[in-house]
Amino acid sequence: MKKNHLLAMMKLCLLFSAGIFVVSCADTYDGNDTFESNVKNATLESPKEADITVTASTDGSTMTIEWPVVYGAGGYEFKLLNASDEETPLISKTIDGCKVTVNREEDMNYKILIRTLGNASLNNTEAPTATTVAYSTFTETYAKIPEGDLYEYFQKNPIPDTETEELNFDLTPNGEYTLSQPLEFNYHKVVLRTSDKTHHATITLAADANFIASNDFTLKYVNINASAITKPVIEAYSYDTAPDGILEKPGNYYLIDFVRIMDCAIAGVVGSLFYDNNKAYGVVNFLIKNSIIQLTTTTDKIKNQAWISFQGGGVKDFSMANSTIFQMGDGNPQYFLRYNNSIRVDRLGWTTSDHTTITYTNNTFYKVGSGNWSNYSGIANYSVYNVQNNIWYACGDGAIARRIMGNGRLGTNASATWNNNTYWNADGQIDQGTYDTGTVLTTNPDFENPAEIDFTPRGAEQVEKQTGDPRWFAASNAE
């Protein structure tokens, strides 16, 4: 059994190195400044590193690179590289001016290369070398953790109580880590991430280990081997003394702003992914994005019959995008996502004119759930549902759409958007009644090879609409 888990982890890791992170970085503007020059018959130099500036746009979507003019130049060779893959430039072109604006991605380590080109009319020759500028869009690192046991590291390096902001702990790219005991952060806001999003560190959990979230908690760019544990991968802190004065409580629940799983591969999940320990927590944003998660479920290890289980609280805004969750075990929970039924937006601290949100976009689900998909009927009157481009294969009965939409009760202050979803099992289409009101794809998604963790759709409708987790199309195109 362990061999299967290790093989699965290797397969998940390969998927993150072969086509998942398809970076597009097109240039959008070249500054075009021309000058008369007295510089002739010279070998030119490239701009000095200290004189090259990189400025992000206000929304962070682009960045502008500028440098001073090199007199007598015939232009500049400009290259933008992902530092993790320098063999394939994101951009390589000639720039006539001294400025270029390009797309900017979050959490990237860039290299910018600028080389001055010669000018034949002035008999000037090109600079022999380019100037290189390193530029990172990662948010500030609080600490770098060497390879080893994460529990031992935090025992030796506890976070000071004076730290109140979100703290980024960087793991070594391709590093090997263990977690020997449950890891709790004493109400600090923590991001565990690899400092290179294309070369994930791996964390192997020991039998008694898991992550304890007592405040904002994010896993980012990591691979996790959870096959040795039967408890939830992430648990909310089971407090004895209520965290008054530590966490905000504008309503009936103590608020945690974020629980996020982003760009992760998690293998061998036997029990629940998340459990709130039956405490009064309200998670404002629960996000799963660009992740692939393998379940090997044993039903009696599931907490409160749910894979994401809020027994005492719930979520204001739940979002899952561009992700795959697949079952390789014999068991299954009754619910994928479950809240305490007393959860309502006003009880979380907002007003009834605000909304909770449930979002599923471009996900692939394979043999996940054995009955009702969701249970949170208390939020039905004040929710916005966005459910588009997903594939559910063998995920229970015809109640998926109804259960996602608050048991089908769309209140006067609620709205729902549905489009291009597939509901299928071995017997054919699973009818969702009148609850999915958008275009439903009614043909077999025809996955390439689920047994080998290849969920590339071959069905004509799914291929045309590019539905499900986009990683599978990207990996297929990269082969």
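The model is predicted, so local features need pLDDT of at least 70 and side-chain atom pairs count only at pLDDT 80 or more, while totals for chains, interfaces and linings use all residues. Residues are numbered from 1 along each chain as its sequence is written, and side-chain values use heavy atoms, with hydrogens and water left out.

Let's begin with the overall fold. The chain has 5 helices and 39 strands (DSSP runs numbered from the N terminus, H or I of at least four residues for helices and E of at least two for strands). Its radius of gyration is 25 Å, close to the 23 Å from the globule rule for 479 residues, so the chain is as compact as a globular protein of that length (the radius is taken over C-alpha atoms, and the rule is 2.2 Å times the number of residues to the power 0.38). Along the principal axes, the C-alpha atoms fill a box of roughly 80 × 55 × 50 Å.

Buried residues account for 52% of the 479 residues (buried means under 20% relative accessible area, with a 1.4 Å probe and protein chains only). Of the contacts between residues at least 6 apart in sequence, 76% join residues at least 24 apart (a contact means heavy atoms within 4.5 Å).

Now to the alanine. Ala 226 sits in the loop between β18 (222–225) and β19 (234–236), and it is buried, with a relative accessible area of 0%. Leaving aside residues up to four places away in sequence, Ala 226 touches Leu 205, Val 233, Ala 267 and Gly 268.

Technical notes
Buried < 20%, exposed > 50% of the residue type's maximum accessible area, 1.4 Å probe, protein only.
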